[in-house]
Amino acid sequence: MCGIVSILNKENYSKSHDLEGILLKMLESMKHRGPDNSGSERIAENIYFGHNRLSIIDLDHNANQPMWDSTNQICITFNGEIYNYQDIRKKLQINYEFLNNSDTEVILNLYLEHGVHSFEKLDGIFSFVLYDSRKSKIYAVRDRVGKKPLYYYEDALNLIFVSELKAFSKYPFFTPLLNYETLDYCLSFNYSPDLSIFSNVKMLESGHYLEYDLINKQLNNNQYFNILNYIDPDKYFENVKASESAIVEEFTHNLKLAVKKRLISDVPVCSINSGGLDSSLISAIALEYSPNLELFHVNVVNNSEKEYAKKLAEYKNVNMEVINIDADIYNEYYEEAILQYEYYLVHPNSVALFMLSKFIKEKGYKVVLGGEAADELFGGYSHQNSLQKIHRFRKKYNINDRLQSLIHKYVTNPLIPGMRNSVSHSLNGQLKSNQEISYLERLERRFEHLGANDAKFRAFLLHDYFRYLQPLFLRGDKMFMGNSVELRLPFADIDLIKFSLNLPLRYLNNKFLIKKSAENFLPSEIIYRRKKGFPVHYKLKCNTTLNHFNQLSGLNQGNIQVIHSVDRFLSNYFANFS
């Protein structure tokens, strides 16, 4: 897990501009992502790679980056972890030389063997930039699920890739332009399809790679993985006929594998134990493979789940460290957290996660397991389950038509023209703007074999994966890497996601499948208690005057707090501009 920078000078201006010096400053702005080593190299006449390393796999200096393959033809700067690197290495080492034991070198040799088709063979969380001197091409690649960020920016001079937006404050030719569409979405729905707050900086989509041809100077965006291709009607009807015990057994097998491969590390691993079902189940399974695993809990004062977290620790007879959070502590760390987030703070508990990662780091850990992604993929949210109930009765009561009529009549928000509130959240699963409705309808057509009502619900679950979960992945990366800690999420395993696509809906109602599987690992009082979530409701004590959003009017207090996070990030950004 690391921070990367790549600068490709398109017009050979490198002699008149100190691009190497600029790259070093950009790297320094992200030192928290990789405090163990910092490396930079001019790998070609007009290409610069930089890397901040958080050492997790192969701690030797020979695994530092940027890294070349053994033939000095391919170079990479890589952020992330490849969970199946050992299996790939066994197949490749017959024909390829390995100079270290890192997963980074596995990517290099796999690319030599399969070219761009190698990307789909990588199971992990990653973003990287790769230079192929034989083809005179640059490739920028992001993992299939979207766990690791990779921003890119292009102007007349350079094409730049970075792990964090703050790096651009050290690039003197960059002018930040706010993306108001992202703001619109975040205020309306608590998410945005675009994960960059700047309109002139893009986030590479998950399962995609960019290809830049150094000869003809063309940049192409390609998709190497599409989860929709794994929707299989035959597999669905096979699962319909299968027994409940068989489905639970297959799910449990896949989840155990997902946890096991995320324990692969050359440094100690710990686990978050919130007291809720998802993190408790991940922790319990991890303890089967690592009996001395240490647990960490955030105790939110006035909203504590410590009682249930302690139940797991006592049940498994393991140590659990606790960090307590109250309003004063929240406000103390708020500023530091939002500067790392680089996004609208639509989830106040992000600050608590930042504090938790700092606590984990102080205890000597670099890797932690978490339970996020279970709700989005396996029906854990109340709005998802409300939608299921509505669909059961929609023909009888014509509810959808009534909701649609009410929304168009009452829900226009005066803040930004055309923006709609999400007041339908609990009734119709966050009915979206026309653009989002159209997107949902396209997803729905992929599930026609389920029938109209079930197809709508299944499309909505997948919509949560594509839209709602992606900003949460960004939050997980920024809040933990801000303190040099890697967050690994077994529920976001690609094989589990594929498995969930073809399940009968009864297994996805109120996390039925997860609960049945958990009966093998957890006491019932943890499994079947009422879901509480992770609410952190502390009011800011700082000045929430907005410096960069003066033109907006009609903001309520909740909107101001969401916007204030980016406003403070921008103030810090310009203060550090050089």
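This is a dialogue about reading a predicted model of one protein chain.

Visitor: Where should I start with confidence, and what is the mean pLDDT of the chain?

Guide: Start with the general idea: where pLDDT is low, the predicted coordinates should not be read in detail. In this chain the mean pLDDT is 87, and 85% of the residues reach 70 or more.

Visitor: Over which residues does pLDDT stay under 50?

Guide: That happens over residues 401-432.

Visitor: Now the overall build. How many helices and strands are there?

Guide: The chain has 20 helices and 17 strands. Of its 578 residues, 62% are buried. Take the contacts between residues at least 6 apart in sequence: 72% of them join residues at least 24 apart.

Visitor: Can you show me a pair that is separated in sequence? How far apart in space are L461 and D375?

Guide: Their C-alpha atoms are 9.4 Å apart, while 86 residues separate the two in sequence. L461 belongs to helix α16 and counts as buried, because its relative accessibility is 1% and the cut-off for buried is under 20%.

Visitor: Which residues touch the most other members of the largest nonpolar core?

Guide: They are M26, F128, F168, Y344, F480, F491 and L522, in a core of 172 residues. Helix α16 gives the most to this core, with 14 residues. To follow one member, pick L522: leaving out residues up to four places away in sequence, L522 touches L277, S280, L281, A284, L312, Y315 and I527.

Visitor: What else is there besides that core?

Guide: There is a second, separate core of 20 residues, with L8, A44, W68 and A140 among them.

Visitor: Which residues lie nearest the centre of the second largest pocket?

Guide: Of the 33 residues lining that pocket, P193, E205, S206, F466 and R467 lie nearest its centre. The elements giving two or more residues to the lining are α4 (180-189), β10 (202-203), β12 (218-223), α15 (434-445) and α16 (452-481).

Visitor: Finally, the backbone. Which residues does a cis peptide bond join?

Guide: As background, most residues other than glycine have a negative phi, and most peptide bonds are trans. In this model a cis peptide bond joins Q65 and P66, with omega about 0°. P66 sits in the loop between β3 (47-53) and β4 (67-68).

Visitor: And phi: what value does A373 have?

Guide: Phi of A373 is near 95°, a positive value in a residue other than glycine. A373 is in the loop between β16 (367-369) and α11 (374-378), and is buried, with a relative accessible area of 2%.

Visitor: Where does K511 lie, then?

Guide: K511 lies in the loop between α17 (494-501) and α18 (512-518). K511 has a positive phi of about 55° although it is not a glycine. Its relative accessibility is 6%, so K511 counts as buried.

Terms used: Residues are numbered from 1 along each chain as its sequence is written. This is a predicted model: local features need pLDDT of at least 70, side-chain atom pairs count only at pLDDT 80 or more; totals for chains, interfaces and linings use all residues. Side-chain values use heavy atoms; hydrogens and water are left out. On a 1 Å grid over the protein atoms alone, a cavity is a set of points where a 1.4 Å probe fits but cannot get out, and a pocket is an open set with protein on both sides within 12 Å along at least five of seven lines; lining residues have an atom within 4 Å of a point. Helices (H or I, at least four residues) and strands (E, at least two) are DSSP runs, numbered from the N terminus. pLDDT is the predictor's confidence in each residue, from 0 to 100. Contact means heavy atoms within 4.5 Å. A nonpolar core is a set of buried Ala, Val, Leu, Ile, Met, Phe, Trp, Tyr and Cys residues joined through side-chain atoms within 4.5 Å. Buried means under 20% relative accessible area, exposed over 50%, partly exposed in between (1.4 Å probe, protein chains only).
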